[in-house]
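Please look at the screen.

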Amino acid sequence: MAKYGELCRALLGASYTPATVYQYLTEPPGGRTVVLRHDVDRKPENALKMAELEHALGVTSTYYFRHPYTFIPEIIEQVLSLGHEVGYHYEVLAKAKGDYEKAIGLFARELEEFRSLCDVRTICMHGSPLSRYDNRDLWKEYDFREFGIAGEAYLSMAGNGLCYLTDTGRTWGAKHSMRDAMPGAGAAPPSVATTDDLARWIGSAGEEGLYLTVHPERWAVDRSEWLISYSQDAVANFGKSILIMVQ
């Protein structure tokens, strides 16, 4: 987690203004901007620690929680109290095994549960790498704006000229990413793999707009947690590499 703090300081030191997804879509700040997004796939307690660290640095960001896996009301409420945006990390098309009617009904019910805690204004699909279904395809049949949603964290951000980077697969190089990609977005050079690489690149790059997706479960609070998380990602990355080859 301390390494993430170094990354935030590198962004601030390079004069980037942090923005939530909703802020960027509705009132984007001028000048250098970084959209910070957190997909809380696992370990919501790590998300809270990350939110506290950001708050101490004066950084605001967006946290997308899954239902029911990381939908912990007391943690969500604490993240909100720190000034961050909370959104819905939906995966309903995968849950419904491609049944669009069932999926949209499930979306409405889960969104209502989120809105019992907070005013959800943006959503973000979960990659569901073991499913054949891309959850974003739900919006080929329906319109999320009919639910009072201002934007989807992939679909609504595409084409904005932001340089998109994600820590999916425990590397900023995105070589283990199956669906975590931004159509039409720029990418960091191949030399950016580790967080130290990214921090150095941020200090020297001339990019006006960055979009970083950070998964809190990958940012350990101690050595033992890091080793466990690293092993889990290694197994997952091996499985993804096989799935990518057979696609």
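Helix α3, residues 44–57, packs against helix α4, residues 73–81, at an angle of about 15°, with the axes 10 Å apart. Axes here are lines fitted to C-alpha atoms, for helices over the stretch in contact, and angles run from 0 to 180 degrees between N-to-C directions. Angles under 35 degrees count as roughly parallel, over 145 as roughly antiparallel, 65 to 115 as roughly perpendicular and the rest as oblique. α3 and α4 are therefore roughly parallel to each other.

This is a predicted model: local features need pLDDT of at least 70, side-chain atom pairs count only at pLDDT 80 or more, and totals for chains, interfaces and linings use all residues. Residues are numbered from 1 along each chain as its sequence is written, and side-chain values use heavy atoms, with hydrogens and water left out.

Which residues of α3 meet α4? They are P44, E45, L48 and A51, and on the α4 side I75, Q78 and V79; contact means heavy atoms within 4.5 Å.

Now strand β8, residues 209–214. Of its 6 residues, 6 are buried, so the rest of the structure largely encloses β8. Buried means under 20% relative accessible area, exposed over 50%, partly exposed in between, with a 1.4 Å probe and protein chains only. In a regular strand the side chains alternate between the two faces of the sheet. In β8, one side has G209, Y211 and T213, the other L210, L212 and V214, and all are buried.

What does β8 pair with? Strand β2, residues 33–40, pairs with β8 in the parallel sense over 6 bridges, and T33 has G209 as its bridge partner. Strand β7, residues 163–166, also pairs with β8 in the parallel sense, over 4 bridges; there T166 has T213 as its partner. Two strands pair if DSSP finds at least two bridges between them. Helices (H or I, at least four residues) and strands (E, at least two) are DSSP runs, numbered from the N terminus.
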